[in-house]
Amino acid sequence: MTRDQVSTDQESSNRPKERVLSLIKPTGDVHLGSYLGALRGWAADQQANDAFHGVADLHALTVEVQPAELRARTLQVAAILLAVGIDPDASTLFVQSHVHEHCELAWLMECTVSFGELRRMHQFKEKSEGVEGVRASLFTYPALMAADILVYDADQVPVGDDQRQHLELARDLAIRFNHRYGETFVVPEAAIPKVGARVMDLQHPTRKMSKTAESPQGTIALLDDPEAIERKVRRAVTDAASEVCYDPTAKPGVSNLLELLGAFTGRSPAEAAAGYTRYGDLKSDVAAAIIEALRPVRQRYTELAADPAGVMEILAKGAARASDVAAATLARAKTAVGLLRPDDR
Ligand code: TYM
């Protein structure tokens, strides 16, 4: 099913733009992996699409987080999204918990997904292993994520490679629901960038760069200052040989640096290797490319952080627009499953 067949909001009749939706959790520092795997693309593509982006604060509650920290991080991540170039006139920028339809549709998704499907999710296995008191919400997380996507009739979901399995599940649930109750949801597609979809930890290059990394030295935060970036790249783990070539299996550390250089210079990692004979030269260029790309982000963030009321105002407008779209989809889904509507006569 295509979005135009199911959309009920006003632009549906002659809307050539694709609907794009993607969120980020306000857990830990936003890092270079999320920037290259997702945020940079969100900003680059927003004019061509009907884009919805935001902060998945409800997802952050699936693990322990201090309330004051969650509030502060949510606002910070919204400011970072603006700083990387999300334009509130082009994209609908909102906080997930400001649009209550996400939770309501999540219940319908929990009634669509099977226990076995949730149990097979890699991220649940990784995040729950050896953890005491795992929250039920960590297990049902992909149902909420499917609701986030389906409630906006999203055609495309730009994400890093680690979200691939969650996206496949969201697609399966849309197809199953449509089959069971009649055409209701747009079946979304993952949009995963060719380069930068899986940025690895600089200290442990066989693990992805992550917000919960034990070693902050392996993770470059978007708000790191140039000295910290330089230091982290200099200390990045490579191998004992010194040949610069792209081979993620045999040379994961060097390959990750080439992936970063390629992502910042618009080349494939293999092309980026050309001309280097020493790791030191490669590291200097990687650090310089990251510092240059993140300089304007830090500057803009500093301005935005000084104006929290301005950011809140943008989020309020975004939530109002997001709610309009989400309410229409939710009403359709509730009717489809047979819930009696208060205005049914
Ligand atoms: P989150 O907050 O962990 O990450 C946000 C985005 O960054 C990408 N990413 C990476 N890309 C490349 N290399 C890395 N090392 C790296 N680490 C993170 C992620 O793939 C993601 O695109 N469940 C989601 C948030 C979410 C969502 C949604 C996304 C909630 N609802 C609906 C899309 C649609 C998450 O935890 O992303």
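How many residues does helix H4 have, and how far does it reach from its first C-alpha to its last? Helix H4, residues 67-83, has 17 residues and reaches 24 Å. That is close to the 24 Å expected at 1.5 Å a residue. The expected span is 1.5 Å times one less than the number of residues. Helices here are DSSP runs of H or I with at least four residues, strands are E runs of at least two, and both are numbered from the N terminus.

Some ground rules. This is a predicted model, with residues numbered from 1 along each chain. Local features need pLDDT of at least 70, side-chain atom pairs count only at pLDDT 80 or more, totals for chains, interfaces and linings use all residues, and side-chain values use heavy atoms, without hydrogens and water.

Confidence next. pLDDT is the predictor's confidence in each residue, from 0 to 100. The chain averages 94, and 95% of the residues score at least 70. Over residues 7-13 the pLDDT is below 50, though this stretch has eleven contacts beyond near neighbours in sequence. Contact means heavy atoms within 4.5 Å. Where pLDDT is low, the predicted coordinates should not be read in detail.

Back to H4. Its buried residues include Leu70, Arg73, Thr74 and Val77. Buried means under 20% relative accessible area, exposed over 50%, partly exposed in between, with a 1.4 Å probe and protein chains only. Just after H4, Gly85 takes a positive phi of about 120 degrees.

Now the pockets. A pocket is an open set of points on a 1 Å grid over the protein atoms alone, where a 1.4 Å probe fits, with protein on both sides within 12 Å along at least five of seven lines; lining residues have an atom within 4 Å of a point. The largest pocket has a volume of about 1,200 Å³. Its lining counts 50 residues, with Lys25, Gln123, Lys127, Asp162 and Lys208 nearest the centre. Elements giving two or more residues to that lining include strand E1, helix H2 and helix H8.

The second largest pocket is about 310 Å³. Its lining has 23 residues; Gly41, Trp42, Asp45, Pro158 and Pro193 lie nearest its centre. Which element gives the largest share of this lining? H2, with seven residues.

Is Ser34 buried or exposed? Ser34 counts as buried, because its relative accessibility is 16%. Leaving aside neighbours within four places in sequence, Ser34 is in contact with Ile24, Leu39 and Lys211.

Notes: Points joined across faces, edges and corners; volume = space filled by probe spheres on them.
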